[in-house]
Amino acid sequence: MPPRLRLRSLAQLAELRVERTSSKYTYICGRCQYATAVATTPAPSDAQIQASIPSLTRYPPANPPSFRNPAYRKSQLLRSYVSLIKTTPLIVFFQHSNLKSTEWVGLRRELTSALQKVDAQLAAQGAPPEALIGEYIKLQVIKTNIFEPALRIAEYFKPGDLPPEPMGGLSGISSEKEDPSLTHALSEAAFKAAKAHEGEHALTPVLQGAAAILTLPAVSPVHLKAAFSILSPQAPAFPAPTRRAVPTYYDPPVQDGIKKLLLLGARIDGQIFDMEGTRWVGSIDGGIDGLRAQLVAILQGFGAGITTTLESASRSLWFTLESRRNMLEEDGKPSEEKTG
């Protein structure tokens, strides 16, 4: 037997009528005359709609807007310098005076040969592979008028200190170049940070004329000492190789190139060192292990000095009290003999 469906008649449906007001719908029953008001949610405004839409970039991620035109060679050179400064812990600066191409070739050849010998010695001593950095040490000429702004960008541009993005997304800023989410080296925020510190960096006076840099991917005093022995020899800490050991080092182009190089200083782990400080880093015996040994010896000597100082204070107090006790005993002896 099929199920029975209870349907309302047309008369019952006619008893229900709906009256629409401005913002509410009121349902009135025809039998009981009981009205029920149901509120409706108002439509959102245009401002609320725009605020709820997530901010979308108007440019592809691989090609963000730049304050400096990225099509220019100077812009790409600036980016490469900023990346080099941020990723290289040790950069040595030299001043060169119009070295010829043959002189550069000779210097790089002798430098590569000396660094290969250092790597061979370290490998023979059982050094780990990450300590063999000779092939990654490079000597290159830089454009100081581009390297100096790159140095200020790397030092003073902190993307974490930028203001937050406006509520309206890109609609809240005047141009895409002012978008605070842009943190690359060619952005307007990087340009303003470098402009605000113009002439304040410690290496600015050094980067005035022709300059070259020696980059090391790690702070290795052993490799730095070998490089100084070739590029800036100075006895007895950095002696030049002998003629018998390396005869090509005394070729005229190499010797002329060495005369035209002048050591200026270095940037080591974000700290600026002058010429003497740079040579001190290269003269550390044993490299990083030798530096650790020197630090341990200094700390041990410091602890022994503190122990001696504390012991001397207590020992002097004991001597003072003991001498005072002896004096009192000596003063009391004659009185006891007289009474006896």
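## A buried aromatic pair

Phenylalanine 93 and phenylalanine 147 are both buried, where buried means under 20% relative accessible area, exposed over 50% and partly exposed in between, with a 1.4 Å probe and protein chains only. This is a predicted model, so local features need pLDDT of at least 70 and side-chain atom pairs count only at pLDDT 80 or more, while totals for chains, interfaces and linings use all residues. Residues are numbered from 1 along each chain as its sequence is written, and side-chain values use heavy atoms, with hydrogens and water left out.

## Rings that meet

The structure holds four aromatic pairs; rings of Phe, Tyr and Trp (its six-membered ring) pair if their centres lie within 6.5 Å, and planes under 30 degrees apart count as stacked, over 60 as edge-to-face and the rest as tilted. The ring centres of phenylalanine 93 and phenylalanine 147 are 5.9 Å apart with planes at 75°, so this pair is edge-to-face. Phenylalanine 93 belongs to strand S4 (residues 90-96) and phenylalanine 147 to helix H5 (residues 144-156), so the pair links distant parts of the chain, 54 residues apart. Helices (H or I, at least four residues) and strands (E, at least two) are DSSP runs, numbered from the N terminus.

Phenylalanine 228 and phenylalanine 238 make another edge-to-face pair, 5.4 Å centre to centre with 90° between the planes. Phenylalanine 228 lies in helix H7 (residues 221-231) and phenylalanine 238 in the loop between H7 and helix H8 (252-259), so the pair ties together parts that are ten residues apart in sequence. Both phenylalanine 228 and phenylalanine 238 are buried.

## Charges over rings

The charged end of arginine 279 sits over the ring of phenylalanine 228, 5.8 Å from its centre. For this, NZ of Lys or CZ of Arg must be within 6 Å of the ring centre and within 35 degrees of the ring normal. Arginine 243 lies over the face of tyrosine 250, 4.5 Å from the ring centre.

## Helix H4 and the cores

Helix H4 (residues 101-124) has 24 residues and reaches 35 Å from its first C-alpha to its last, close to the 34 Å expected at 1.5 Å a residue; the expected span is 1.5 Å times one less than the number of residues. Its buried residues include Trp104, Leu107, Leu111 and Asp119. The buried residues of H4 pack against S4, strand S5 (138-142), strand S6 (211-216), H7, H8 and strand S7 (261-268). Glycine 126 follows H4 and has a positive phi, near 85°.

A nonpolar core is a set of buried Ala, Val, Leu, Ile, Met, Phe, Trp, Tyr and Cys residues joined through side-chain atoms within 4.5 Å. In the largest one, Val92, Phe94, Leu214 and Leu231 touch the most other members of the 33 residues. H4 gives this core its largest share, seven residues. Leaving aside neighbours within four places in sequence, valine 92 is in contact (heavy atoms within 4.5 Å) with residues including Leu214, Phe228 and Leu263. A second, separate core of 25 residues includes Tyr81, Ile146, Ile153 and Ala185.

## Where to be careful

The mean pLDDT of the protein is 77, and 64% of its residues reach 70 or more; pLDDT is the predictor's confidence in each residue, from 0 to 100.
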